[in-house]
Amino acid sequence: MAEFASQWSVSGIVRTMFPILVVLTAIELGSGLVLDTFEGTLLQYPSLLVLVPVTIGMAGNLGSILAARFSTAFHLGLLSFTPTDDRLAGNAIATLALAVTLFPLVGAGAWLLQTVIGGAALPLRTVVLVALVSGGLLAVLAIVVTTVTTYAAYRFELDPDDVVIPVVTNVCDVLGVVVLFGAVRVFV
């Protein structure tokens with residue numbers, strides 16, 4: 001019981017999270033470097049510039065929602081990390097379905113906003129396609145990152161509530177920039 005209480009103490013949480021947050025900060029710096037190389041394209045096509053914060057935020061949100069669901073199922077003893085686990089598969093499919101529903105709307109919204117503000121340099125279908133492809137890929141990556149991180153928390157006897165969401169949101173921020181950059185390279 002004393003060990004459990006020490007994990008829930010401020011010093012226990014800081015001891016667990018500090019090294020993780022240092023590594024995640026370095027990862028976020030890498031995201032900024034990727035975004036810096038992407039700057040010329042973003043300035044040339046402002047509707048893509050509008051997509052950057054929304055894509056990054058949506059990827060982190062999808063991963064966070066999934067992480068919260070996995071963490072709750074884990075604490076309730078309902079998550080087994082087997083390929084036949086219906087909760088695991090159902091939540092993954094719901095995350096992917098949410099992404100392929102929302103990201104095209106985000107793309108259309110970015111295009112519409114840019115059209116109203118100053119004229120869009122790219123056609124609607126291109127912006128929607130970039131948003132859809134990057135959103136679908138990000139959802140798949142968020143599912144993988146969330147599942148692996150939740151499993152790692154389980155294996156290392158860490159509280160997934162403390163570890164999984166910060167890891168997932170930071171990694172999805174970086175992946176959001178990289179995947180959006182890749183989708184723009186392919187479709188623009």
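User: I'm new to this one. How is the crossing of α4 and α7 handed?

Analyst: The crossing of α4 and α7 is right-handed. Keep in mind that this is a predicted model. In general, two packed helices are described by the angle between their axes and by the distance between those axes. For α4 and α7, the angle is about 150 degrees and the axes are 8 Å apart.

User: What does an angle of about 150 degrees tell me about α4 and α7?

Analyst: Angles over 145 degrees count as roughly antiparallel, so α4 and α7 are roughly antiparallel to each other. As for what sits in the contact of α4 with α7, its residues divide into 16 nonpolar, 8 polar and 2 charged.

User: Can we try the reading on another pair? At what angle do α4 and α5 pack?

Analyst: Helix α4 runs over residues 46-75 and helix α5 over residues 86-118, and they pack at about 160 degrees with their axes 10 Å apart. That makes α4 and α5 roughly antiparallel, too, and their crossing is right-handed. The contact of α4 with α5 has 20 nonpolar, 6 polar and 2 charged residues.

User: Let's zoom in on Ser47. Is Ser47 buried or exposed?

Analyst: Buried means under 20% relative accessible area. Ser47 has 0% relative accessibility, so it counts as buried. You'll find Ser47 in helix α4. Leaving aside residues up to four places away in sequence, Ser47 touches Ala110, Trp111, Gln114, Leu122 and Val127.

User: And where is Glu157 found?

Analyst: Glu157 is in the loop between α6 (124-155) and α7 (160-187). Here the cut-off for exposed is over 50%, and Glu157 counts as exposed because its relative accessibility is 62%.

User: What is the phi of Glu157 near?

Analyst: Start with the general idea: most residues other than glycine have a negative phi. Glu157 has a phi near 55 degrees, a positive value in a residue other than glycine.

User: Which residues does the UniProt annotation "transmembrane region" cover?

Analyst: According to the unreviewed UniProt entry, "transmembrane region" covers residues 12-35, 47-68, 88-114, 126-151 and 163-187. Residues 47-68 are 100% helix and 0% strand, with end C-alpha atoms 32 Å apart. Residues 163-187 are 100% helix and 0% strand as well, and their end C-alpha atoms are 36 Å apart.

User: What feature does UniProt place at residues 52-182?

Analyst: The unreviewed entry gives "domain: SLC41A/MgtE integral membrane" there. In the model, residues 52-182 are 85% helix and 0% strand, and the end C-alpha atoms of this span lie 13 Å apart.

Conventions: Residues numbered from 1 in each chain as written. Predicted model: local features only at pLDDT ≥ 70, side-chain atom pairs only at ≥ 80, totals over all residues. Heavy atoms only, no water. UniProt positions renumbered as here; feature names shortened; annotations may be inferred. Helix = DSSP H or I, 4+ residues; strand = E, 2+ residues; numbered from the N terminus. Axes fitted to C-alpha atoms, helices over the stretch in contact; angles between N-to-C directions. Parallel < 35°, antiparallel > 145°, perpendicular 65-115°, else oblique. Left-handed = near helix turned anticlockwise from the far one by under 90°. Nonpolar A, V, L, I, M, F, W, Y, C, P; charged D, E, K, R; others polar. Buried < 20%, exposed > 50% of the residue type's maximum accessible area, 1.4 Å probe, protein only. Contact = heavy atoms within 4.5 Å.
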